[in-house]
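Here are my notes for someone opening this one for the first time. Keep the view beside you and take the points in order.

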Amino acid sequence: MTSRLAIACAVLLCSGSAYAAEGDRVSGTLEGDGIRGEISMLETASGTVHVEVTAEGVPEGAHGIHVHEIGTCEAADGFKSAGGHLSAGLDHGIMSQGGPHPGDLPNVHAGADGMIHAEFFVRGFSLGTEGNARILDEDGSSVVLHSGPDDYSSQPSGDSGSRIACAVLTPAE
């Protein structure tokens with residue numbers, strides 16, 4: 001009986017999980033033309049990811065912000081190097097019947113002073129290295145800030161305008 005229990009425990013401990021461990025973190029420096037900020041994400045015990053965004057130098061108004069599928073941010077190509085949204089095969093937007101993408105985040109708002117401070121919770125991706133919708137896969141992930149607001153329904157990216165800043169996500173201590 002004891003050996004069966006030990007084997008069952010070993011199998012459970014060695015099996016891969018689609019989620020990161022509670023407390024896993026990723027972060028990145030958001031950079032664009034005159035824009036600088038920080039993105040941080042924390043995996044919680046519930047599997048929900050706590051996201052914090054701070055930035056300065058952002059044009060006043062609402063801005064779409066999304067997790068993108070590639071961890072590269074080349075300003076010279078307008079941050080197209082970040083690829084499309086982390087989508088897991090779903091449609092874009094919370095207003096879409098087949099959505100939202102795991103990479104869809106709520107709009108953030110810059111005041112007249114160009115500052116953004118946003119905090120929200122998301123589900124649909126993992127900060128770990130296993131599973132389908134994960135941040136730390138082979139080619140990494142990034143967060144892209146757009147020039148206009150996400151309408152939460154237009155395909156493939158919410159009609160949120162050009163990419164004005166980008167952050168490559170990396171493991172944080």
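1. Start at His66. Leaving aside neighbours within four places in sequence, His66 is in contact (heavy atoms within 4.5 Å) with His85, His92, Gly103, Asp104, Leu105, Ser142, Val143, Val144, His146, Asp150, Ser157 and Ser160. The model is a predicted one, where local features need pLDDT of at least 70 and side-chain atom pairs count only at pLDDT 80 or more, while totals for chains, interfaces and linings use all residues. Numbering runs from 1 along each chain as its sequence is written, and side-chain values use heavy atoms, with hydrogens and water left out.

2. Is His66 buried or exposed? His66 is buried, since its relative accessible area is 0% (buried is under 20%, exposed over 50%, partly exposed in between, with a 1.4 Å probe and protein chains only). You'll find His66 in strand S5, residues 65–68 (strands are DSSP runs of E, at least two residues, numbered from the N terminus).

3. Two histidine partners are worth a look. The His66 side chain makes polar contacts with the side chains of His85, at 3.2 Å, and His146, at 3.1 Å. (A polar contact is a pair of N or O atoms within 3.5 Å; within protein, one must be able to donate a hydrogen and the other to accept it, and residues adjacent in sequence count only if both atoms are side-chain atoms.)

4. Next, Asp104. This residue sits in the loop between S5 and S6 and counts as buried, at 13% relative accessibility. Not counting residues up to four places away in sequence, Asp104 touches His66, His85, Asp91, His92 and Gly93. A polar atom of the Asp104 side chain also lies 3.0 Å from the backbone nitrogen of His101. From Asp104 to Ser157 it's 53 residues in sequence, but 8.6 Å in space, C-alpha to C-alpha.

5. How many disulfides are there? The count comes to one, going by cysteine sulfur atoms within 2.5 Å. Cys73 and Cys166 form the disulfide, with their sulfur atoms 1.9 Å apart. Cys73 lies in the loop between S5 and strand S6 (108–110) and Cys166 in strand S9 (residues 163–168), so the pair ties together parts 93 residues apart in sequence. The torsion about the S-S bond is about -60°, so this disulfide is left-handed.

6. Check the two ends of that bond separately. Cys73 is partly exposed, with a relative accessible area of 21%, whereas Cys166 is buried, at 3%.

Note on methods
Helices (H or I, at least four residues) and strands (E, at least two) are DSSP runs, numbered from the N terminus.
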